[in-house]
Amino acid sequence: MSQALRDARRYEEERERSIAPGARPAFHLSARVGWMNDPNGFSWYGGQYHLFYQYHPYDSHWGPMHWGHAVSDDLLHWRYLPAAMAPDMPYDRDGCYSGGALTLPDGRHLLMYTGVAEELTETGALRRVQTQNLAFGDGMNYRKYEKNPVIAAADLPEGGSRYDFRDPRVWQEPDGSLRALVANDHPGEGGRLLLYGSEDMEHWKLLSVVAENRGRLGLMWECPDLFRLDGRDVLVASAQDMLPKGFEYHNGNGTFCLMGRMDPDTGRFIEESDQAVDYGIDFYAPQTVLTPDGRRVMIGWMQNWDTCNLHVKSTPWFGQMSLPRELSIRNGVLFQRPIRELEALRGPCVEYRGVALADGEIALPGIRGRTGDLEIELEPEDGAELFHRFAVRFAKSELYHTGVSFRPVESVLKVDRKFSGSRRAIIHQRRAKVNHDRGRLKLRLILDRFSVEAFVNDGEKVMTATLNTDLAADGITFFADGRLRMNARFWPLEAKKTPTAAD
Ligand code: FRU
């Protein structure tokens, strides 16, 4: 083991002791210490889920990337394992960037990731050269392959940038050969996704350009994922610098999903539609796993790049993963629902039916707290004019609140955290168009101390936002401008055990 990895492991073990379990999310994975971004190597290995992540243990801001590591049986109770990789080789000395994982037939866990090494260009500028690399392990310790890098600049097609060439998604074909889908910038035209194949893990060959941006969805594409779901092929990737399109793609860096089919003859993805994956503020670079019982489950980095530097350096941890979401396709739309294992965390249910709301704000006994599962059904009041606005407010005190509000006349749902305690109110709202039948709408809010994930109409849309509000603000209220009726069910959520290090 390199000194760099040994140092990181020692550091994280010592530092995490200063973080009280209650100062973290209860069932979302957060950085063990320091900084976390993208999920990496999301896989089922040795009878457990493994989730790695982009990790800078020494600071709560981004820096030379390591791979953090955690395992779970249900994707909600996490156990930290020692950091899996540190930037310690000539080809990754400036960072071990994102990548994937799989189980090899001989039982080893294979990681494929991007190595970053800065190089002085002819003009004297420092640029980060990116290559694809392998590491082999047993679920705890990983050894980098002596033949790294396995995919490098010489393997790029004409015009491909060696400075933006990253985030391999790796899988094995039924014939035993490997595939890797890698994001690459084609300057002037934006991201494209390259498919490589290998018979022996050492030699990789470019097989096809699977998809190309051609200036449509942002600039560079990152973190691709490709999987089969409900009879379709689905390509998910995250684009940098997106131009908004109506209510879509407002986040600057945002995740999109292409539906269609992979053409086996050309290796190209034939697109039928595109959509945004999340309509909130904080969701990026997701990866999926196929569970042993056949569900496709997605986890994203619950953060965005534009508000990730508002915290002070001394913050002990920064960065959380989203809730694992079960994916399905209904009427050509990607649906996401909270993983069903979450229901095991529910405490006793508090239920209200037909609550009349009329021009004002109410609290309902039994509905409060910062960890909870809240289902709401809205209906217009018989004989009354269609209501103007409904809002549910949470993480609420006299000073603070965050809200999800619905304006049926405009069919707009909004998440708004400008009163969540941030001192930068300008960047904390997001709107989405939603389907409803004259004000009838279903919402399910999952609260976990520092986040809200609002699932609309059984997962047709999701709005995700983190909040940094003082935990003493734990009120929940319901507001109406106009008259409506509401059914509400609330379950406090409690993890059996908050994240800890492996014994
Ligand atoms: C996406 C990303 C990846 C890269 C990683 C670096 O959030 O930019 O493309 O591998 O973060 O930390």
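## Buried sites, salt bridges and cavities in a predicted model

Tyr145 is buried, as its relative accessible area is 12%. The structure described here is a predicted model. Tyr145 sits in the loop that runs between strand 8 (142–144) and strand 9 (165–172). Along the chain, Tyr145 and Asn133 are twelve residues apart, and their C-alpha atoms are separated by 7.5 Å.

The loop between strand 8 and strand 9 also holds Pro149. The peptide bond that leads from Asn148 to Pro149 is cis, and its omega is near -10 degrees. Most peptide bonds are trans.

**Salt bridges**

The count of salt bridges in the model comes to 43.

| Pair | Distance, N to O | Residues apart in sequence |
| Asp92 and Lys144 | 2.8 Å | 52 residues |

Asp59 counts as buried, at 16% relative accessibility, whereas Lys313 is exposed, with a relative accessible area of 59%.

Asp92 and Lys144 also meet through their side chains in a salt bridge. Asp92 is in the loop between strand 4 (78–85) and strand 5 (96–103) and Lys144 is in strand 8, so the pair ties together parts that are 52 residues apart in sequence. Asp92 is buried, with a relative accessible area of 0%. Lys144 is buried as well, with a relative accessible area of 14%.

**Cavities**

Over the whole structure, a search finds two cavities of 30 Å³ or more. The largest cavity has a volume of about 80 Å³. Its lining is made by Met242, Tyr249, His250, Asn251, Gly254, Thr255, Ala276, Val277, Asp278, Gly280, Phe283 and Arg430. Sorted by class, the lining of the largest cavity has five nonpolar, five polar and two charged residues.

The second largest cavity holds about 40 Å³ of space. The residues that line the second largest cavity are Gly369, Arg370, Phe394, Ala395, Leu447, Asp448, Arg449, Ser451 and Leu467. Strand 24 (389–396) and strand 28 (441–448) each supply at least two residues of this lining. By class, the lining of the second largest cavity divides into four nonpolar, two polar and three charged residues.

Ala395, one of the lining residues of the second largest cavity, lies in strand 24. Ala395 counts as buried, at 1% relative accessibility. Phi of Ala395 is near 45 degrees, a positive value in a residue other than glycine. Most residues other than glycine have a negative phi.

Asp359 also has a positive phi, near 40 degrees. Asp359 lies in strand 22 (residues 350–362). Asp359 is exposed, with a relative accessible area of 58%, whereas Ala395 is buried.

Strand 24 also contains Phe390. Phe390 is buried, with a relative accessible area of 0%. The C-alpha atoms of Phe390 and Ala83 are separated by 45 Å, and the two residues are 307 residues apart along the chain.

**A nonpolar patch on the surface**

Leu310, Ile426 and Ile427 make a nonpolar surface patch of about 310 Å². Ile426 is found in the loop between strand 26 (412–419) and strand 27 (429–433). Ile426 is exposed, because its relative accessible area is 78% and exposed means over 50%.

Notes:
Residues are numbered from 1 along each chain as its sequence is written. This is a predicted model: local features need pLDDT of at least 70, side-chain atom pairs count only at pLDDT 80 or more; totals for chains, interfaces and linings use all residues. Side-chain values use heavy atoms; hydrogens and water are left out. Patches are made of residues with over 30% relative accessible area and no salt bridge: like charges are joined within 9 Å, nonpolar side chains (Val, Leu, Ile, Met, Phe, Trp, Tyr) within 5 Å. Accessible areas come from the Shrake-Rupley method with a 1.4 Å probe; for residues, only the protein chains shown count as cover. A salt bridge is a side-chain nitrogen of Lys or Arg within 4 Å of a carboxyl oxygen of Asp or Glu. Helices (H or I, at least four residues) and strands (E, at least two) are DSSP runs, numbered from the N terminus. Buried means under 20% relative accessible area, exposed over 50%, partly exposed in between (1.4 Å probe, protein chains only). On a 1 Å grid over the protein atoms alone, a cavity is a set of points where a 1.4 Å probe fits but cannot get out, and a pocket is an open set with protein on both sides within 12 Å along at least five of seven lines; lining residues have an atom within 4 Å of a point. Grid points are joined across faces, edges and corners, and a volume is the space filled by probe spheres set on the points. Ala, Val, Leu, Ile, Met, Phe, Trp, Tyr, Cys and Pro count as nonpolar, Asp, Glu, Lys and Arg as charged, and the others, Gly among them, as polar.
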